[in-house]
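Trainee: I have a protein model open and would like to talk it through with you. Could we go over it piece by piece?

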Amino acid sequence: VMTQDSGNMDNNSQAWRKVLVTGGSGFTGINLIRYLLDKGVSVRSLDFAEFTYADCKDRIEIVTGDIRDSEAVAQAIEGVDLVIHCAMALPLYPHDDIVTTGIDGTRLLLKTAQKHGVGRFVHISSTAVYGIPDHHPLMEDDKLDGVGPYGHAKVEAETVCREFQEQGMIVPIIRPKSFIGPERLGVFALLYDWAQDGRGFPMIGSGNNRYQLLDIADLCQAIWLCSTLPDDVVNDTFNIGAGEYTTMKQDWQAVLDFAGHGKKVKGFPAEPVIWTLRLLDKLGVSPLYKWVYETASKDSFVSIDKAKRILGYAPQYSNQDALIRTFKWYLEHESEFAEASGVTHRVPWKQGALGLAKKFF
């Protein structure tokens with residue numbers, strides 16, 4: 001249990017007896033659970049997927065259930081005084097699962113937390129709430145325009161959070177950029193697979209756009225700050241991203257350089273590639289979902305000035321640091337997931353038609 005004399009807290013910070021992490025079996029969840037355990041926090045996980053991490057399994061409480069199930073949610077929140085809400089159906093899930101998990105699940109969690117007198121509820125949103133923007137950097141008070149079911153559900157989930165803020169709950173909202181780190185596969189496994197095999201990598205567009213990423217360790221830092229700083233400081237909305245990033249071409253080239261095969265990132269005209277991916281998407285053989293291929297050729301970065309100023313957020317990893325750190329993990333653990341594929345961030349996504357293109361690079 002975390003205490004004020006643990007050395008991790010200051011006198012104005014909150015100390016929590018027990019923390020519930022929703023989506024504890026996912027990529028964000030496991031990295032956050034390890035981070036919290038290192039801080040001396042007592043943790044409970046709620047996820048419909050089995051919790052399979054041997055290094056943590058005996059150190060936390062595990063509730064297996066869906067955040068849309070009132071009985072599972074009540075069981076998970078009983079005796080908890082902080083909820084960190086990471087659970088979400090990812091963009092490759094069916095439409096109804098995305099919308100009901102994102103909106104109905106968030107409302108049920110908040111309602112149950114309120115009923116049980118939970119002191120704080122940290123909501124992990126996404127910069128997908130900004131849609132496809134017409135300016136950069138994006139600020140927390142910019143208009144929200146969710147693209148597709150995932151973006152829409154994230155926008156509506158934030159609306160639900162604000163309803164409970166207005167009722168007196170402390171509900172910090174974190175909007176992270178696309179984040180990577182140990183355990184993260186998903187779409188990034190495409191790059192790592194090609195880099196490892198001595199292939200170059202195709203880029204949608206010239207690659208001269210700036211696309212900010214985020215290391216999971218820096219996201220955990222932001223969550224910790226929103227969990228421990230005083231109520232009046234954190235009850236707000238914060239963009240979280242890397243502090244240093246160059247262009248897509250430069251950042252992704254760093255992985256190919258680290259792989260050591262002398263291969264290069266190669267840009268292709270954006271519009272023909274996007275139209276091709278739209279067609280492949282309709283045919284069910286695209287490895288990329290709409291949000292990825294529609295935005296990959298465009299600038300995408302947010303201002304983190306507010307989080308730095310108010311929370312004291314201090315990102316430790318640049319885009320290139322984060323990409324290479326994750327690639328190293330991929331190389332060390334590849335044998336564990338070589339035959340796996342699916343729709344979560346913890347397994348590689350199927351390469352689909354891109355698998356055929358690989359031999360040309």
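Trainee: Where does glutamate 183 lie?

Mentor: Glutamate 183 lies in the loop between β7 (179-180) and α5 (188-196), where helices (H or I, at least four residues) and strands (E, at least two) are DSSP runs numbered from the N terminus. Keep in mind that this is a predicted model, in which local features need pLDDT of at least 70 and side-chain atom pairs count only at pLDDT 80 or more, while totals for chains, interfaces and linings use all residues. Residues are numbered from 1 along each chain as its sequence is written, and side-chain values use heavy atoms, with hydrogens and water left out.

Trainee: Is glutamate 183 buried or exposed?

Mentor: Glutamate 183 counts as buried, because its relative accessibility is 14% and buried means under 20% relative accessible area, with exposed being over 50% and partly exposed in between (1.4 Å probe, protein chains only).

Trainee: And what does the side chain of glutamate 183 make a polar contact with?

Mentor: Its partner is the side chain of arginine 34, at 3.4 Å. A polar contact is a pair of N or O atoms within 3.5 Å; within protein, one must be able to donate a hydrogen and the other to accept it, and residues adjacent in sequence count only if both atoms are side-chain atoms.

Trainee: What does α5 pack against, and at what angle?

Mentor: α5 packs with helix α8 (residues 248-259) at an angle of about 35 degrees, and their axes are 9 Å apart; axes are lines fitted to C-alpha atoms, for helices over the stretch in contact, and angles run from 0 to 180 degrees between N-to-C directions. The contact (heavy atoms within 4.5 Å) is made by Phe188, Leu191, Tyr192 and Ala195 of α5 and by Trp252, Val255, Leu256 and Ala259 of α8. By class, this contact of α5 with α8 has eight nonpolar, no polar and no charged residues, where Ala, Val, Leu, Ile, Met, Phe, Trp, Tyr, Cys and Pro count as nonpolar, Asp, Glu, Lys and Arg as charged, and the others, Gly among them, as polar.

Trainee: Let's switch to the sheet: in which order do its seven strands come?

Mentor: The order is β3-β2-β1-β4-β5-β6-β10, in an open sheet with parallel pairing; two strands pair if DSSP finds at least two bridges between them.

Trainee: Which strands stand at the edges?

Mentor: Those are β3 (61-64) and β10 (237-240), and since each has a single partner strand, one side of each is left without a neighbour in the sheet. Neighbouring strands of this sheet are turned by 20 degrees against each other on average, direction ignored.

Trainee: How many bridges join β2 to β3?

Mentor: Four bridges join strand β2 (residues 43-47) to β3, and the two run parallel; within this pairing, isoleucine 62 in β3 is the bridge partner of serine 45. On the sheet, helix α2 (residues 70-77) packs so that it touches β1 (19-22), β2, β3 and β4 (82-85), and its direction makes about 170 degrees with that of β2. Helix α6 also packs on the sheet, touching β4, β5 (120-124), β6 (173-176) and β10, with its direction at about 155 degrees to that of β5.

Trainee: Which way do the residues of β1 point?

Mentor: Val19 and Val21 point one way from β1, Leu20 and Thr22 point the other way, and all are buried. Four bridges join β1 to β2 in parallel, and leucine 20 has arginine 44 as its bridge partner in β2.

Trainee: New topic: where is valine 171 found?

Mentor: Valine 171 is found in the loop between α4 (148-166) and β6, and it counts as buried at 0% relative accessibility. Leaving aside neighbours within four places in sequence, valine 171 is in contact with several residues, including Leu110, Phe121, His123 and Asp236. The C-alpha atoms of valine 171 and aspartate 236 are separated by 7.3 Å, although the two are 65 residues apart along the chain.

Trainee: Last one: which residues does a cis peptide bond join?

Mentor: The cis peptide bond joins histidine 136 and proline 137, with omega about -5 degrees, and proline 137 lies in the loop between β5 and α4. For background, most peptide bonds are trans.
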